[in-house]
Amino acid sequence: MNVSVHVEIIAVGKLKERYWTEALREYEKRLSAYVDLTMHEVPDEPAPETLSDAERLQVLQREADKIDKLLKPRDGIVLLDIQGKALSSEAWSESYEMLLGEGFGRLVFVIGGSNGVHPDLRKRAHLRWSFGPLTLPHQLARVVLLEQLYRGIRIMRGEPYHK
């Protein structure tokens, strides 16, 4: 494995708190030895707490349109999805290795907004990955994603990692 693996993270919403950005920077630094990492934030759509199903779908469509502008045809898309497949770190490492073997131009991890992601985007995902039944703040999900990406790469390479 070399640093030629290009990983994109597309997240709906903005990270504001310094402690989240510091955690992300730490994992970006660790990952820099293994992947070429780019992070994108797309603005979340304003939405009241109570949305009808039709209104929610409209919000999700507007967010999906912003995400689509950052996607390329040969992308391998990994969607963080509470309804996705829950994986141990070892199983994630195996999934990551399989995704690398698929010949994608880059791996793109998508973290939707507080209302989720549009069903069309969900269908396009090559892997729907759940961190379990917990609902995590999207800021924390970004940190967990980078940590698990780093851990999975270390496992795949047979390198030590704190358990």
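Predicted model: local features only at pLDDT ≥ 70, side-chain atom pairs only at ≥ 80, totals over all residues.
Local features here need pLDDT of at least 70, side-chain atom pairs count only at pLDDT 80 or more, and totals for chains, interfaces and linings use all residues. Residues are numbered from 1 along each chain as its sequence is written, and side-chain values use heavy atoms, with hydrogens and water left out.

**The helix pair**

Let's start with helix H1 (residues 18–31) and helix H5 (residues 138–156), whose axes come within 10 Å and cross at roughly 20°. Helices are DSSP runs of H or I with at least four residues, and strands are E runs of at least two, numbered from the N terminus. Axes are lines fitted to C-alpha atoms, for helices over the stretch in contact, and angles run from 0 to 180 degrees between N-to-C directions. H1 and H5 are therefore roughly parallel to each other (angles under 35 degrees).

**The pockets**

A pocket is an open set of points on a 1 Å grid over the protein atoms alone, where a 1.4 Å probe fits, with protein on both sides within 12 Å along at least five of seven lines; lining residues have an atom within 4 Å of a point. A volume is the space filled by probe spheres set on the points, which are joined across faces, edges and corners.

| Pocket | Volume |
|---|---|
| Largest pocket | about 560 Å³ |
| Second largest pocket | about 180 Å³ |

Among the 25 residues lining the largest pocket, Leu80, Asp81, Ile82, Leu136 and His138 are the closest to its centre. Strand S3 (75–86) gives the most to this lining, with four residues. For the second largest pocket, H5 provides the largest share of the lining, three residues.

Terms used. Parallel < 35°, antiparallel > 145°, perpendicular 65-115°, else oblique.
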